[in-house]
Amino acid sequence: MRDNPFGTKWVICINSDSAQKITMKKWTQILAALAIGLAAVLITIAHNSLNMSNTGAPTEAIPPLAPHQNKSASGNEFYPDSELSPQDTPHDTFETELVTKLQTSYGARIQELNIQASLIKVKEFVLKRYPQDGAERFVRIIQAAFPEYAESILSIIARLEIYNEWLVNNQTMLAERAKREQNGIIWEVRRELFGQDAEIIWSAEQAEMAQKQSAMHALIQQLDQSHDISMEEKLYQLQTAINENYEGSLQELSLSGGMISKAFFHLTSVQQELAQLPTEQRQQKINGIRRQLGLNDELIAQLQTKDEERNRRWENGLAYMAEREKIVAITSEELLPDALAKLREKYFKHEAITIEREEASDFWRFKRPRVYGIN
């Protein structure tokens, strides 16, 4: 008895004198059994060999590319969403599909610089999917999709990356500045990197700002002629609109340039109401407005002191203008210069020379509109 390589038992009988003859039928059965066993073994070996080949393959199965939810500045999806073809390699399929998708989404407007700049999102997508060679893939994709504009696109995106890195590195510095100063610094860097093209690249931002400004102008015009609501309600509506359309706290805006207070006090309806009030009551109203704007009592007191000084100057100036008008009406041309000089000295003392120069240049400070709370 002997074991064969395939696990079956063979029995061979041998006489000591000579080999016993085996019938033809027995040999046929043995050979048939051997053939069946050998075939089964070969099938098993082939199957195992195939499995080993699959698990050791250098490329993994790539799932279908699903559409991405993010949209470009133009509102179009730019990520591929078609099924992979079995005969394509992942490399060829990904780049080919993305080229087609980009051409479909951006082909009609690719000459616009803001559209070219928006493709930085595509680069971020490619780099996230292929961290090792995503940059090279992106260059190939852009050159294949838009050969005529590839150089411009890649240049804009390279500068955008420098700009974005600058933003990250200067977050602390920008956070310490007032909003208006922040914008000035940011636009200085943008123009340094992109020149006049910066206006085009950030045109969407500019359009949004213009829309906000338009909404503010419309509200101001409405409040300017509103006489059926209180000052406090007008101020509340103005505060709310500015707070919604401009970043930064209301107090910051009030202290840095008086954005809200200037807009509010220049409303015709507000000035008409303030002008009708007695001096003391008017000042109380102005103080209440400033308090509603978020100013503290110390600053309100300082501003009230300035208001009182302005009131004295206006009273003095209006008295001067009234007397001047009388002198001009009754004084001869030869004597008028001397008469006006004495009048200016009477009302303005050491500022008389300044007033004379202003009048010589046809500037009349007391003919300007009186804006309570401002001048």
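Trainee: How many helices and how many strands does the chain have?

Mentor: This is a predicted model, in which local features need pLDDT of at least 70 and side-chain atom pairs count only at pLDDT 80 or more, while totals for chains, interfaces and linings use all residues. Residues are numbered from 1 along each chain as its sequence is written, and side-chain values use heavy atoms, with hydrogens and water left out. Helices (H or I, at least four residues) and strands (E, at least two) are DSSP runs numbered from the N terminus, and the chain has 18 helices and two strands.

Trainee: What share of the residues of the chain counts as buried?

Mentor: Buried means under 20% relative accessible area, exposed means over 50%, and partly exposed lies in between, with a 1.4 Å probe and protein chains only. Of the 375 residues of the chain, the share that counts as buried is 31%.

Trainee: Is Lys123 buried or exposed?

Mentor: Lys123 has its place in helix α4, residues 120-129. Leaving aside neighbours within four places in sequence, Lys123 is in contact (heavy atoms within 4.5 Å) with Phe138, Ile157 and Glu161. Because its relative accessibility is 15%, Lys123 counts as buried.

Trainee: How are α6 and α8 oriented to each other, roughly parallel or roughly antiparallel?

Mentor: Two packed helices are described by the angle between their axes and the distance between the axes. Axes here are lines fitted to C-alpha atoms, for helices over the stretch in contact, with angles from 0 to 180 degrees between N-to-C directions, and those of helix α6 (residues 150-169) and helix α8 (residues 179-194) come within 10 Å and cross at roughly 155°. The contact involves residues including Trp166 and Leu167 of α6 and Leu193 and Phe194 of α8. Angles under 35 degrees count as roughly parallel, over 145 as roughly antiparallel, 65 to 115 as roughly perpendicular and the rest as oblique, and α6 and α8 are therefore roughly antiparallel.

Trainee: Which hand does the crossing of α15 and α16 have, left or right?

Mentor: The axes of α15 and α16 come within 10 Å and cross at roughly 145°, and the contact is made by residues including Thr279 and Gln283 of α15 and Asp307 and Asn311 of α16. A crossing is left-handed if the near helix is turned anticlockwise from the far one by less than a right angle, and right-handed if clockwise. The crossing in which α15 passes α16 is right-handed.

Trainee: How far apart in space are Thr279 and Glu308?

Mentor: Thr279 is found in helix α15, residues 279-292, and at 46% relative accessibility Thr279 counts as partly exposed. Thr279 and Glu308 are 29 residues apart in sequence, and their C-alpha to C-alpha distance is 9.5 Å.

Trainee: Within what arc do the buried residues of α17 fall?

Mentor: The buried residues of α17 are Leu336, Ala339, Leu340, Leu343, Arg344, Tyr347 and Phe348. Seen down the axis of α17, they line one face of the helix, because the arc within which they fall is 135°. That arc is taken from the directions from the helix axis to the C-beta atoms.  What covers these residues includes α16 (297-330) and α18 (352-360), and the arc itself is 135°.

Trainee: Where is Lys349 found?

Mentor: Lys349 follows α17, and Lys349 has a positive phi of about 55° although it is not a glycine. Lys349 is found in the loop between α17 and α18.
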